[in-house]
Amino acid sequence: MGSAADFGGWIAERSAAELTEPFTFVVGTDGVLRLAPRRSEHVACADGDMVLSAGEISFVCHAGRWAVGEVSNQSTGYCPDVTSWATVAHALDDIELGRPSGFTHEVVFRRCPDCQELNIVREGDFVCVFCGSVLPAAWNVDPGV
């Protein structure tokens, strides 16, 4: 979606049932927001390309104007860092959508340096659930893995 008109055409084609669930999204390396049904894989939504961010997003309509209701970086295909919000915000601004000031649900991903397993850090506990090793404070998930 490169413009407000693109989004307007896309959202008008969605059924009421579709709009009750979040959508899968990616922001491509070109900065453009791409959307797919929730049960779609992020990698498929991106046509297998690298992305700047990925997650789930829902929309609400108030007084005839669409805005983002909720948005997260929840994508186990790309495991984007929470700092990828800036690229999401820019893509949403490009299509003139109202939005929150950050992800409404942040997922913290880390790869264990010892066993190499992917972890979701919960409640600030930076310990690998697989081997008990300490996880790094900084994002370390290679998007190519």
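Please keep in mind that the model is predicted.

I will start with the sheet. Four strands make up an open sheet in the order β2-β1-β3-β4, and the pairing is antiparallel. At the edges are β2, residues 33–37, and β4, each of which pairs on one side only. From one strand to the next the twist averages 40 degrees.

Now to the pairings in detail. F59 stands opposite V68 in β4, and I57 stands opposite V71 in β4. The hairpin of β3 and β4 has two residues between the strands, and in that hairpin A63 takes a positive phi near 55 degrees.

Next, what lies on the sheet. Helix α1 packs on the sheet and touches β1, β2, β3 and β4. The direction of α1 makes about 65 degrees with that of β3.

That brings me to the aromatic rings. How many aromatic pairs does the structure hold? There are six. Take F7 and W10: their ring centres are 5.9 Å apart and their planes are at 35 degrees, so this pair is tilted. The cut-offs matter for that label, because planes under 30 degrees apart would count as stacked and planes over 60 as edge-to-face. F7 and W10 are three residues apart in helix α1, residues 4–12, which means that about one helical turn separates them. As a general point, an α-helix has 3.6 residues a turn, so residues three or four places apart point the same way. Both F7 and W10 are buried.

W10 has another partner in F59, and this aromatic pair is edge-to-face, with 6.2 Å centre to centre and 70 degrees between the planes. The pair links distant parts of the chain, since W10 is in helix α1 and F59 is in strand β3, 49 residues apart. Is W10 buried or exposed? W10 counts as buried, because its relative accessibility is 14% and the limit for buried is under 20%. F59 is at 6% relative accessibility, so F59 counts as buried too. Taken as a group, F7, W10, F23 and F59 are linked into a cluster by ring pairs.

Now helix α3, residues 85–94. Which residues of this helix are buried? They are W85, V88, A89, A91 and L92. Looking down the axis of α3, these buried residues fall within an arc of 165 degrees, and they therefore line one face of the helix. The cover over them includes β1, β2, β3 and β4. After α3 comes E96, whose phi is positive, near 60 degrees.

The elements so far come together in the cores. The largest nonpolar core has 21 residues, and the members that touch the most other members are F7, F25, L35, I57 and F59. Two or more residues come from each of α1, β1, β2, β3, β4 and α3. Which element gives the most to this core? That is α3, with five residues. There is also a second, separate core of seven residues, and among its members are V26, A46, V51 and Y78.

Strand β5, residues 108–111, pairs with β6 in the antiparallel sense, over four bridges. V108 has V121 in β6 as its bridge partner. This hairpin has six residues between the strands, and Q116 in the hairpin takes a positive phi near 70 degrees.

To close, two points to look for on the screen. One is the ring cluster of F7, W10, F23 and F59. The other is the largest nonpolar core, where F7 and F59 are among the residues that touch the most other members.

Note on methods: Residues numbered from 1 in each chain as written. Predicted model: local features only at pLDDT ≥ 70, side-chain atom pairs only at ≥ 80, totals over all residues. Heavy atoms only, no water. Pairing = 2+ DSSP bridges. Phe/Tyr/Trp six-rings, centres within 6.5 Å; stacked < 30°, edge-to-face > 60°. Buried < 20%, exposed > 50% of the residue type's maximum accessible area, 1.4 Å probe, protein only. Axes fitted to C-alpha atoms, helices over the stretch in contact; angles between N-to-C directions. Contact = heavy atoms within 4.5 Å. Arc of directions from axis to C-beta. Core = buried A, V, L, I, M, F, W, Y, C linked by side-chain atoms within 4.5 Å.
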